[in-house]
Amino acid sequence: MLTKLSIQNFAIISRLELSFGPGLNVFSGETGAGKSIVIEALGFVLGARGDADTIKDGAQKMSVSAVFSTDMLPQEVRAAHHFTAPDFTLSRELDRKGKGKAFINGKPATVSALAQLGRHLVDFHGQHEHQSLLHSSVHLALLDKFAKQDALVQKVRASYDKMQAVQARLNEAALSEQEKARLRDMCAYQLKEIEDVRPTQEEDDQLEQTLPKMKHSGKLLELAETAYNDLYEGEGSATERAGKAARCLEDMAELDDSLAELSQNLNSALAALEDAANTLATYKDDISIDPQTLDDMLARHEKLKRLKGKYGPTLQDVLKTAEDLKARLHALEHSDEAEQALREELEKERKVLLKLALELHDKRLEAAEKLSALLTEQIRPLGFNAVRFRACVEMDEENLGPTGADKVEFLFSPNPGQALRPLKNIASGGEISRVMLGLKTVLASTVPVMVFDEVDAGIGGETAVLVGEKLKGVSAGRQVLCVTHLAQVAAQADENFHVAKSARKDSTEVSITPLTGPALTAEIARMLGGHADPKSAAYIHAQELLAQAGRSAGAK
């Protein structure tokens, strides 16, 4: 589970240290208090996009670190990261210039590495994510996530890409003679532009190393000669004076053994000076002051730079482009005989794709039946006594695409006698929220931490009690973090946190306080629209909600 979250200079949080327990952890507070900032900070440290504008005013950088229990990770992930301690720490920073740093257990890492770990750790449900269920384009992705057929989905996509590449070649082969001539001229011109320069692998890197020396050859020669003279050739040079001192020490060492090591050290230093002088002599002799050679190198460098700008970004890319242009020219020049072969190849690739799409269709049908049953079971206790849900999968073999040939639509009927209809056409906002809660429960069955940011949108009353009980049930055996406006949800929590925002003359701060006892009861009463007066109806109702949840007056 997530045991600790540390936040510095994130949005309107200067510094915050939070500790979490297992089960249901609920954040509540007034609208606009900053409840969702904690969720955003957790997303940031797990690889979500960072923005320098999020850094708190007056600060130069923001940072977030999160401590997780190691045993929540699959064994192969632990082994890959060498996690042997009971917990591990993920950290991330971002400064005003947009430069970021990421760390795993204090060692530098990439943001993508944090994101990869995050997929094993936390499943996020954002404030408006339930609205995505109104778009049928999302339904296919959700079904595939449930089906766990990633390898097959990737095979379908790769097969489709291969078929599209053949189709592109066939389109070229089937062009008019006039269009073919235009393309041949263009390809020939581009190929000649590259071949006239005749670039070689890594030639630009060699020039980058050599050019600075050529540009500054006069100054380098002057400095090298001065250094060489001071070291070796000039009167009273360093080697001459060090040699005299070394000979003196040798004579002294014969008279006093304690000076033997010092004598050896000085002789070693003299040898190093002589080596440096020899290296400088070779270096200055190699310096060439040739304006014509420099001009030629600069011209060559400019030509390579121009090629990389058009066909790069690297010379390797330029050379690959030349090979592609040769192949394309050959295909255009022999397009008549190639056209029939390409048509046959296209049909062959289409059959391969269709076979994979049919295999994926069968897997999706099987997964859709299971998902429909599981989701119905999950959402029925949420105020849907006669609910029906069905993930409908329809295949159109004539419309093969990168995801196969299936169209997926979630169908829904919340009331007895009501026909199954597309979810977007029938469900209210509160119903959509409950369906998404059920989906998240089903799809994140192996993820140890679930985050819900206002999943209770559009609901209240008895349904709110049911959603609170559902979230409590979901938190059994895992950890749930939930931002809510509903007292019925907050009453079910294992840990409650109150979020408050305070405005000063020149800054705004967010504080988060754990709630227990009377303070928790008062917060539940506030969420019910009442006051903290123990005699008020809201306070009494708050006590009743806590008692129903098995909590006495807010005490755990």
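**Exercise 1. Find which side chains Arg-364 and Asp-406 use to meet, and where each of the two residues lies.**

Step 1. The side chains of Arg-364 and Asp-406 form a salt bridge, with 2.9 Å from N to O. A salt bridge here is a side-chain nitrogen of Lys or Arg within 4 Å of a carboxyl oxygen of Asp or Glu.

Step 2. Arg-364 belongs to helix α13 (residues 335–379) and Asp-406 to strand β10 (residues 406–413), so their pairing ties together parts 42 residues apart in sequence. Helices (H or I, at least four residues) and strands (E, at least two) are DSSP runs, numbered from the N terminus.

Step 3. Arg-364 counts as buried at 1% relative accessibility, and Asp-406 is buried too, at 9%. Buried means under 20% relative accessible area, exposed over 50%, and partly exposed in between (1.4 Å probe, protein chains only).

A word on the model before going on: it is predicted, so local features need pLDDT of at least 70 and side-chain atom pairs count only at pLDDT 80 or more, while totals for chains, interfaces and linings use all residues. Residues are numbered from 1 along each chain as its sequence is written, and side-chain values use heavy atoms, with hydrogens and water left out.

**Exercise 2. Describe the salt bridge of Arg-300 and Glu-203, then that of Lys-370 and Glu-366.**

Step 1. Arg-300 and Glu-203 meet through their side chains at 2.7 Å, N to O. Arg-300 sits in helix α11 (residues 291–311) and Glu-203 in helix α7 (residues 203–215), so this pair ties together parts 97 residues apart in sequence.

Step 2. Arg-300 is partly exposed at 22% relative accessibility, whereas Glu-203 is buried at 13%.

Step 3. For Lys-370 and Glu-366, the N to O value of the salt bridge is 3.6 Å. These two residues are 4 apart in helix α13, which means about one helical turn separates them.

Step 4. Lys-370 is partly exposed, with a relative accessible area of 48%, and Glu-366 is partly exposed at 43%. Elsewhere, salt bridges with shared partners join Glu-30, Glu-523 and Arg-526 into one network.

Step 5. Over the whole structure, a search finds 21 salt bridges.

**Exercise 3. Work out the strand order of the open sheet and its edges.**

Step 1. The sheet has 3 strands in the order β9-β10-β11, with antiparallel pairing. Two strands pair if DSSP finds at least two bridges between them.

Step 2. β9 and β11 (421–422) are the edge strands, each with a single partner, so one side of each has no neighbour in the sheet.

Step 3. β10 and β11 pair over 2 bridges in the antiparallel sense. Leu-411 has Pro-422 in β11 as its bridge partner.

**Exercise 4. Locate Gly-383 and list its contacts beyond its sequence neighbours.**

Step 1. Gly-383 is in the loop between α13 and β9 (388–395). At 40% relative accessibility, Gly-383 is partly exposed.

Step 2. Setting aside neighbours within four places in sequence, Gly-383 is in contact (heavy atoms within 4.5 Å) with Arg-434 and Leu-466.

Step 3. Glu-431 lies 48 residues from Gly-383 along the chain, and their C-alpha atoms are separated by 9.3 Å.
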